Amino acid sequence: MNDTARRVVVLVVLALFVAGGIALSQDESEGTRAMPAAHQPIDGPVISPERAVSASWYCAEGTSSVDGRANETVIVGNLEPHEIDIATTVMPGRDLEMKTQRVRLRAFEQRRIEIDDVLRAPELGVVVETFGGRAVVEHEVEGFDDVAVGPCARTAARQWFFAEGSTERGTEDWLALFNPFDTDAIVDVTLLTEDGTEAPEAVQALVVPRRSRVSVALHDLAQRQLQVGLAIRARSGHVVAERTERFDGSDTRKGIALALGATAGAPRWRLPAGDAQDGVAASVSIANFTRRTTQVEVGLRLDGGSSPLPETVAVRRNAVVRVDVGAKVPTGTGYSVEVSSKDGTPIVVGSFGAWATPAPVTGVATTGASATTATQWAFAVGRLTDDGDAVVSALNVGDAPITVQLYAYTSGDPDSPASAPARAVPAGERAVLSLGEHGIRPDQVIVIGADGPIVVGREIVGPGASMAPGVPFPGSAGRRRPG
């Protein structure tokens, strides 16, 4: 990528910030209270508009060096019935030379890009640019015999928030801050723990150099903490923030988990994918980055049966609370979770899961909840291997029954798919679709459509375990063809 092209990308991204109405300013005197207004999705990326000429995706976490903590593969799914071009640029920072790989994708093709085939470096960020049509971009990281898969970001921001995280014994907790632009960024990182708010000197006025990624070892800043929420606020510039947790197995939890931060709080969040099994632990973390205590309601909706009464928890100002939801659900029962503040206070919600014997796999996973609803969602990948499985859950958040359909597209076939699994879903219920049972291959791009608003999540089981939200289409209407 030459200097002229980089300047064009920067200008386009900044224009999108202005047009989208994202609040980029902050009041330094407010500490962690000031949060951007949620005028558009704040919980993750959105597929570009149908007539967009190009789009950029930013992958903050991942390594491509020997013995790296999270070896990275980028996965791109073409959402168009025609060819598109993609350019994957690896930025190693410190004014080292960047490397770009350019490829053309066939109609509905999924492409896996091993980052160490492009460039090997100890610290790196990745920018994926798409030209000539829409795509969905995720990345896969590996560690401790586990994998984690989640969407890359569509924007950089001035503020990022995480609810879920831990620095307990046997845990490494890493924050990855990526600055893909031509000017340095300066950020402050605030930690929320059970002991209160901490602002370690080492992460105040932290410089994230241009076209660089900086990794912060949170386990060195706040040791042996059950819960660690994060607020990242830029004094200048914009960054992308992702977080990984690595568990070494010393307390039965082993694996790697990956999550993209939220850029603002919201009063209501949903987690569509829950499944109570022997050997599986599941919890929800709720972070309150404001200066007032709020009452938060945690509701469970069980599949095919009565649901327990919602639990109300008090979340103090600048505090984080963890709620064990898996223990409240009978074994063998699927469920969804809705978390909402009773007084409308913006909160941030994340989920953690751990699989150990006698569960069918071993691994850990984190995911942010969804504050967004849409009628169409996409994944670059479903299953990871022919032996493993993935389950896609679509929660009906409307007041009327809907039909949910899953489409698995075949690379190079502009007319795919010929048909799709369909489910009638009552209001408040969810459709749960096993990709293995439906014969959907690991190399197929996945789209979930409905004739009403839904929230979609994916749970990968084998190899390892992973959870992630889908990526919504803007203004989607549940049509068969994406968009």
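Here are some numbered notes on this predicted model, going feature by feature.

1. Confidence. The mean pLDDT for the protein comes out at 89, with 90% of residues at 70 or more. The stretch to watch is residues 1–39, where the pLDDT is below 50. That stretch still has 70 contacts in the model beyond near neighbours in sequence.

2. V46. You'll find V46 in the loop between α1 (3–20) and β1 (54–59). Its relative accessible area is 19%, and the cut-off for buried is under 20%, so V46 counts as buried. Leaving aside residues up to four places away in sequence, V46 touches P41, R154, V471, P472, F473 and P474. The C-alpha atoms of V46 and A378 are 9.5 Å apart, although 332 residues separate the two along the chain.

3. Y58 and F181. A search of the whole structure turns up 4 aromatic pairs. One of them joins Y58 and F181, with ring centres 6.2 Å apart. Why is this pair edge-to-face? The planes sit at 65°, and the label edge-to-face applies over 60 degrees. Y58 belongs to strand β1, while F181 is in the loop between β10 (171–179) and β11 (185–193), so the pair ties together parts 123 residues apart in sequence. As for accessibility, Y58 is at 1% and counts as buried; F181 is at 7% and counts as buried too.

4. F247 and F352. This aromatic pair is tilted, with 5.5 Å from centre to centre and 45° between the planes. F247 comes from strand β16 (residues 240–248) and F352 from strand β24 (residues 348–355), so to speak two distant parts of the chain, 105 residues apart. Both F247 and F352 are buried.

5. Arginines over rings. R69 lies over the face of W174, 4.5 Å from the ring centre. R246 has its charged end over the ring of F144, at 4.3 Å from the centre.

6. The second largest pocket. How much space lies in the second largest pocket? About 330 Å³. The lining is made up of 17 residues, and those closest to the pocket centre are R270, G299, R301, E338 and G428. Elements giving two or more residues to that lining are β18 (268–275), β20 (294–302), β23 (334–341) and β27 (389–396).

7. Cis peptide bonds. T357 and P358 are joined by a cis peptide bond, omega about 15°; P358 sits in the loop between β24 and β25 (363–368). Another cis peptide bond joins S416 and P417, with omega about -10°. P417 is in the loop between β28 (402–409) and β29 (422–425).

8. Positive phi. R211 is not a glycine, yet its phi is positive at about 50°. R211 is placed in the loop between β13 (206–208) and β14 (212–217), and with a relative accessible area of 13% it is buried. T252, also not a glycine, has a positive phi of about 80°. T252 lies in the loop between β16 and β17 (254–260). Is T252 buried or exposed? Its relative accessible area is 58%, and exposed means over 50%, so T252 is exposed.

Conventions: Residues numbered from 1 in each chain as written. Predicted model: local features only at pLDDT ≥ 70, side-chain atom pairs only at ≥ 80, totals over all residues. Heavy atoms only, no water. pLDDT = per-residue confidence, 0-100. Contact = heavy atoms within 4.5 Å. Helix = DSSP H or I, 4+ residues; strand = E, 2+ residues; numbered from the N terminus. Buried < 20%, exposed > 50% of the residue type's maximum accessible area, 1.4 Å probe, protein only. Phe/Tyr/Trp six-rings, centres within 6.5 Å; stacked < 30°, edge-to-face > 60°. Lys NZ or Arg CZ within 6 Å of the ring centre and 35° of its normal. 1 Å grid on protein atoms, 1.4 Å probe; cavity = no way out; pocket = protein on both sides within 12 Å on 5 of 7 lines; lining within 4 Å. Points joined across faces, edges and corners; volume = space filled by probe spheres on them.
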